[in-house]
Every structure is written in structure tokens, then in C-alpha cells.
Amino acid sequence: MQYAFEKRIYDAVRNRRVKRMAHGMAKGLGARHLYIRMDLNNSCNLRCRMCFLTKPEISKLPKEEMPTWLLNKIAADLFPRTKYLYLSCVYEPLIAKQFDRAIELARRYGVTHTSAYSNGMELSEEKARRMIDAQMAEISVSIDSHTEERMKYYRGADLPRITHNIRTLNDLKRRAGSARPVLRINFTMMRGNVEDIPGALRLARELDVRIVHLRHAIDFDCMEDFQRESLLNHKELANRMLDEGRALAKDLGIFLDAPPNFDMSTEADRNAMEFKPSMTQSQCFYPWFLLVVDCQGRVRPCSYWRDGFLGNLQQSTFDEIYEKQYRPLQERLLSGDLPASCQTCPPCGGDKAVDRGTNRVDQWQEKEPIIVF
């Protein structure tokens with residue numbers, strides 16, 4: 001994940017008491033300091049090969065939507081102190097019944113930066129108008145190839161439909177004289193599409209999208225051919241395409257947020273996502289500033305947390321959940337007593353060679369900070 005000012009300050013301050021005092025002061029003064037990732041539903045209109053939603057035990061779960069009363073309650077409780085709001089964590093936000101109301105509530109409560117991650121299939125003209133009216137900061141669209149064939153293979157997505165929707169949004173922004181929402185393309189790299197990076201960058205330039213984020217596929221135990229697809233097993237090719245992508249992006253005037261090249265000096269069979277204990281993990285930023293909220297109002301401290309929910313905003317306020325659950329978790333992390341989820345999470349528990357390349361902010365433009373999960 002990429003953070004802004006709060007993360008840099010938190011990392012710089014090493015003293016435990018000072019950390020606690022600074023965070024308590026920001027919280028007590030009502031400063032906007034929260035990063036919220038919230039799913040408004042639990043469904044998606046696609047079944048991407050690299051997504052764990054393809055697992056039968058998950059895809060067969062009953063479909064749910066966040067009720068209006070719960071969204072209103074969460075907004076009143078959290079949005080006045082929220083700096084970054086992401087209306088998607090796992091599922092497709094543009095098919096959620098409450099999406100339009102959520103971005104309007106974010107505008108009403110003055111949330112600094114509202115964003116969503118989407119496959120772009122339902123980015124209709126009406127949705128685009130509502131995003132512009134609400135001055136939503138950013139919409140990130142997943143495009144993993146410039147070819148229809150590979151987009152269909154990996155995501156089951158209709159590339160011409162997605163590009164049409166992006167062009168429509170850009171046209172409406174121009175008519176409205178609005179710079180928002182900023183468009184970004186997310187490209188998940190695998191063996192079968194990594195050589196499409198140059199083509200995807202040219203497509204982004206054609207679509208007037210000036211930010212492209214390259215990310216490695218993560219093994220969610222849902223792809224039968226993950227070992228063949230993972231670039232951990234194709235490091236030389238990955239490095240060559242990353243270098244080519246960086247050079248081309250510079251020529252095209254595109255901000256490319258890409259992971260670093262693989263270190264070829266390491267053992268060929270080394271798993272770059274293996275857990276490597278280190279006291280730096282006790283500096284984890286998530287439990288101080290981040291909430292992940294599902295459509296039932298259940299709260300986790302991060303997207304990688306697998307040790308149960310910390311509370312439910314249906315029955316409790318965030319302050320109540322914070323005192324009972326977040327504070328003890330913070331104490332554990334500061335003392336180096338890492339919960340099981342923290343010991344194996346990819347950004348903190350694993351080798352950051354795959355992940356650290358996203359750790360940049362405000363390099364593209366100061367008015368539209370980019371937050372990457």
C-alpha cells in the first residue's frame with residue numbers, strides 16, 4: 001500500500017510513546033487521518049482467473065448489499081475523519097446498489113480523496129456523470145492487455161466496451177471542465193501478458209490515461225497454472241519488460257508505478273513471498289489508520305487480516321471497536337508480538353522485492369495523490 005504524509009511521519013518516529021501520543025492527538029482533535037476500504041456488496045460481474053472469487057466456496061456465497069441505513073451510519077461515524085476512502089476492496093463497486101449514494105455522502109462529508117477500483121465493464125455514462133458531479137478523485141480500471149483475446153482469457157472482460165467507457169468518461173470530464181475523477185489503469189503482470197506491457201502503455205496514451213500501475217499477480221490458490229504464470233519463475237523476461245515499460249512510459253508521458261526488477265543474484269528457487277521475520281514489521285501502519293469494512297459492517301485492520309473480525313459497525317461505533325480491539329493490536333505490533341496474519345502478509349511479512357515498488361506517492365501530481373493497495 002502507498003501512503004502519504006501520515007505514513008512517512010509514523011515510520012520516522014521510532015519511540016513508542018511518541019507514536020501513541022501523536023496518533024492520539026490527531027484522533028482527539030478530529031483530524032482527517034483514517035484510510036477506509038469499504039465493500040458495498042459481495043459480488044462481481046467477472047470471474048478473473050487470478051482472483052480468489054473464482055473459488056467455488058466463495059463464488060457460491062449468497063449475494064449481499066450494504067443497506068442504506070448502515071451506509072448512513074458508517075458515513076456519519078467515519079467520513080468526517082476520513083482522508084482516503086476506497087469504495088472497493090475485493091468486489092466490483094460499480095454494480096453495488098449504494099455506490100452512487102456512497103460517493104455523494106463522501107462529497108457531503110468532505111472526504112479528501114474518494115476512489116474505486118473497477119473492471120470498467122459497468123462504467124456507464126450515468127455512472128460517469130455521477131462521479132464527476134460528486135468530484136470523486138480517482139477511478140482505477142483493470143486492463144491487463146491491449147488485446148481482446150488476453151483480456152477475455154484472463155478476466156472474461158470485453159476490452160472494446162471498457163475502452164468505450166473510458167473514452168465516454170473523458171469526454172464528459174472535458175465537457176464539464178473537470179479534472180476529476182483521474183483515471184488510472186491497473187495491469188496485473190503474469191507470464192502470459194507481461195510482453196503486452198508496451199501495447200498496454202500505448203493504449204493508455206491513446207485513451208488519455210496518464211497513470212499506469214503494474215502489479216505482480218498474488219497466489220490466492222485459485223489458478224491451477226499459477227506457477228507457470230508467476231513472474232517469480234520468469235525473472236529475466238520480467239526485468240526486460242519492466243525496463244522496456246519504464247523507457248516507453250517516459251517517452252509517452254505516462255507515470256508508471258512499477259515494482260523494481262528482480263534481484264538475479266538470489267537463488268533460482270527462492271520464493272520471493274516467503275515470510276522473513278524482522279522487527280520492522282512492528283512498524284506496520286495499518287492498525288493505526290486503516291479500516292477494511294465489508295458490506296455487513298464488519299471491520300478488519302487490513303486486507304490481509306485472517307484472524308477474525310475486530311467488530312461490527314452495525315452494533316458498535318468505531319471508537320468502541322478501536323478501544324476494545326485496535327489498541328491491543330497496536331500494543332502487540334509495537335512489542336513485536338505479531339499475530340498470524342501479520343506473519344504471512346505479502347507487504348509486511350513477505351519479501352518486499354515484489355511489493356515495495358508501489359511505495360511512492362505524490363510523484364505524479366500533488367493535487368491527486370495516488371494510493372495503491
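**View 1. The whole chain.** The protein chain exposes about 16500 Å², and carbon and sulfur atoms supply 50% of that area. Accessible areas come from the Shrake-Rupley method with a 1.4 Å probe; for residues, only the protein chains shown count as cover. This is a predicted model: local features need pLDDT of at least 70, side-chain atom pairs count only at pLDDT 80 or more, and totals for chains, interfaces and linings use all residues. Residues are numbered from 1 along each chain as its sequence is written, and side-chain values use heavy atoms, with hydrogens and water left out. The protein chain has 373 residues, and 56% of them count as buried. Buried means under 20% relative accessible area, exposed over 50%, and partly exposed in between (1.4 Å probe, protein chains only). The chain holds 14 helices and 10 strands. Helices (H or I, at least four residues) and strands (E, at least two) are DSSP runs, numbered from the N terminus.

**View 2. The open sheet.** 10 strands line up in the order β7-β6-β5-β4-β3-β2-β1-β8-β9-β10, with mixed pairing. The edges belong to β7 (255–257) and β10 (311–312); each has a single partner strand, so one side of each is left without a neighbour in the sheet. Two strands pair if DSSP finds at least two bridges between them. Strands of a sheet pair through backbone hydrogen bonds, either parallel or antiparallel. β3 and β4 pair in the parallel sense, over four bridges. Look for S115: its bridge partner in β4 is E138.

**View 3. Helix α5 and its cover.** Which residues of α5 (residues 99–108) are buried? They are F99, A102, I103, L105 and A106. These residues cover an arc of only 160 degrees around the axis, which puts them on the same side of α5. The arc is that of the directions from the helix axis to the C-beta atoms. Their cover includes α4 (68–78), β2 (82–86), β3 (113–118) and α6. Just after α5 comes G110, with a positive phi of about 75 degrees.

**View 4. N41 in its loop.** N41 sits in the loop between β1 (34–38) and α3 (56–59). Its relative accessible area is 1%, so N41 is buried. A polar atom of the N41 side chain lies 3.1 Å from the backbone oxygen of E92. Leaving aside neighbours within four places in sequence, N41 is in contact (heavy atoms within 4.5 Å) with E64, E65, Y91, E92, I95, A96 and C295.

**View 5. Backbone exceptions.** Most residues other than glycine have a negative phi, and most peptide bonds are trans. Q135 has a positive phi, near 55 degrees. The loop between α6 (125–133) and β4 (138–142) holds Q135. At 39% relative accessibility, Q135 is partly exposed. D208 also has a positive phi, near 60 degrees. D208 lies in the loop between α9 (197–206) and β6 (211–216). With a relative accessible area of 36%, D208 counts as partly exposed. A cis peptide bond joins R180 and P181, with omega about -5 degrees. P181 belongs to the loop between α8 (159–176) and β5 (182–189).

View 6. C44 is in no disulfide, and the nearest cysteine sulfur, that of C48, is 6.0 Å away. C302 is buried, at 8% relative accessibility.

Conventions
A disulfide is a pair of cysteine sulfur atoms within 2.5 Å. A polar contact is a pair of N or O atoms within 3.5 Å; within protein, one must be able to donate a hydrogen and the other to accept it, and residues adjacent in sequence count only if both atoms are side-chain atoms.
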